[in-house]
Amino acid sequence: MRLTFRVIIATLVLSTVAYFTAYHLAAAFPSFSLAALLPAIPEPVYDRAPQAPLISTAGQPLANATFVVLCRNSDMLGILRSMQQMEDRFNRRYGYPWVFLNNEPFTKEFQKRVSAQTDAPIQFGTIPREHWEQPDWIDEERAAVERKKMAADVLHLIPYGGSLPYRNMCRFNSGFFFQHELLKPYKYYWRVEPDVKYFCDVTYDPFAFMEQNNKTYGFTMGLYEYKFTILSLWDTVKDFMRDNSDLIPKENMMGFVSDDAGKTYNMCHFWSNFEIADMDFWRSEAYTKFFTYLDWAGGFYYERWGDAPVHSIAASLFLRKEQTHFFEDLGYRHEPLQVCPQGDAWLQGRCSCDPKDSFVDDRGSCIPRWKKL
């Protein structure tokens, strides 16, 4: 009893001393805060770096692959919806990592909400300014005039015609995303965007399929580009082919993008909001020279060149058809179009889409061209 009493008295004395010490310090130093005496509480860390080699939730080796998401903090709810479907339909059985990229730092709120959607490794990265911003050698006065003209074009109603951030995004996706430090360790990627839909269970590993079958580029939809966004693109591509003929194999997919052996561009492209592909292709000498050639032509800013035609033309120049793959069994929607599996594939995937609503053999689709190659 005496010991307990002494402990109480000692505690009261120490507390009183601490209080008057803090009081006099605050009086002597108005900027003093008692919080300065307390140990700092570390902010929560939501990054979960992957361990090598990648192992599935069932303990099996995984392909060297990751999901890639380019989005803004304001896209949080949209990407949560996309992630939830991807995890439920596929990744909860595998545990492939996620890499999120943004031209601004992701907020802690964004990281907390997003990381809660998966048990897989997840990392959040900021894009270097030189990979995102309009380069200094672009004539901004000329570029601004072209943006204004495109935005005012009520005849053609070009999406994002007046947007500089959209052009930055297209250039980044065309030539830089695969160079980011967080993606350098990986070979394959699956591009995921906010507010897309995955209609079906994925009953196999698409990354392993790509690896085992020597596939380089996978897609779900193909369509025609807005002509007035790429008026000079094909002339620039022809100049590149003339100056770099040694890089272009005789067996390629020129027939997908041109109906006259390369004289003109038929506007076909794979819709790049869905891609499962090999980043080593984008890192190759041929593609690096191709992108650099296009970049210095300035069309990403003087016009509105998109990453979809750039990727598609490159795949058509440098790849054979058998190196590409149409993932027709992966039900997918990006507004306003979708692809829905048919027959047994619909049943096996427990799909939730209407098989009659599938942008594959539609007259606006370029998939029939690819099939005929």
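The model is predicted, with local features needing pLDDT of at least 70 and side-chain atom pairs counting only at pLDDT 80 or more, while totals for chains, interfaces and linings use all residues. Residues are numbered from 1 along each chain as its sequence is written, and side-chain values use heavy atoms, with hydrogens and water left out.

For the largest cavity I noted about 50 Å³ of space, the volume being that filled by probe spheres set on the grid points, which are joined across faces, edges and corners. Its lining, taken as residues with an atom within 4 Å of a point, includes Trp190, Phe274, Asp201 and Asp329. By class I recorded eight nonpolar, one polar and two charged residues, where Ala, Val, Leu, Ile, Met, Phe, Trp, Tyr, Cys and Pro count as nonpolar, Asp, Glu, Lys and Arg as charged, and the others, Gly among them, as polar.

Next I traced the sheet, which is open, with seven strands in the order β3-β2-β1-β4-β9-β6-β10 and mixed pairing. Strands (E, at least two residues) and helices (H or I, at least four) are DSSP runs numbered from the N terminus, and two strands pair if DSSP finds at least two bridges between them. Because β3 (122–126) and β10 (324–326) stand at the edges with a single partner strand each, one side of each is left without a neighbour in the sheet. I then looked at β1 (residues 65–70) and β2 (residues 98–102), which run parallel and are joined by four bridges; Phe67 has Trp98 as its bridge partner in β2.

I looked up His131 in helix α4 (residues 129–132) and found that it counts as buried, at 13% relative accessibility; buried means under 20% relative accessible area, exposed over 50% and partly exposed in between, with a 1.4 Å probe and protein chains only. Leaving out residues up to four places away in sequence, His131 touches Arg171, Phe172, Phe176 and Gln179, contact meaning heavy atoms within 4.5 Å.

Last, I checked the backbone. Leu157, although not a glycine, has a positive phi of about 45°; it is found in the loop between α5 (140–151) and α6 (164–175) and is exposed, with a relative accessible area of 62%. A cis peptide bond, with omega about 5°, joins Glu335 and Pro336, and Pro336 is in the loop between β11 (332–334) and β12 (337–339).

Technical notes. On a 1 Å grid over the protein atoms alone, a cavity is a set of points where a 1.4 Å probe fits but cannot get out, and a pocket is an open set with protein on both sides within 12 Å along at least five of seven lines; lining residues have an atom within 4 Å of a point.
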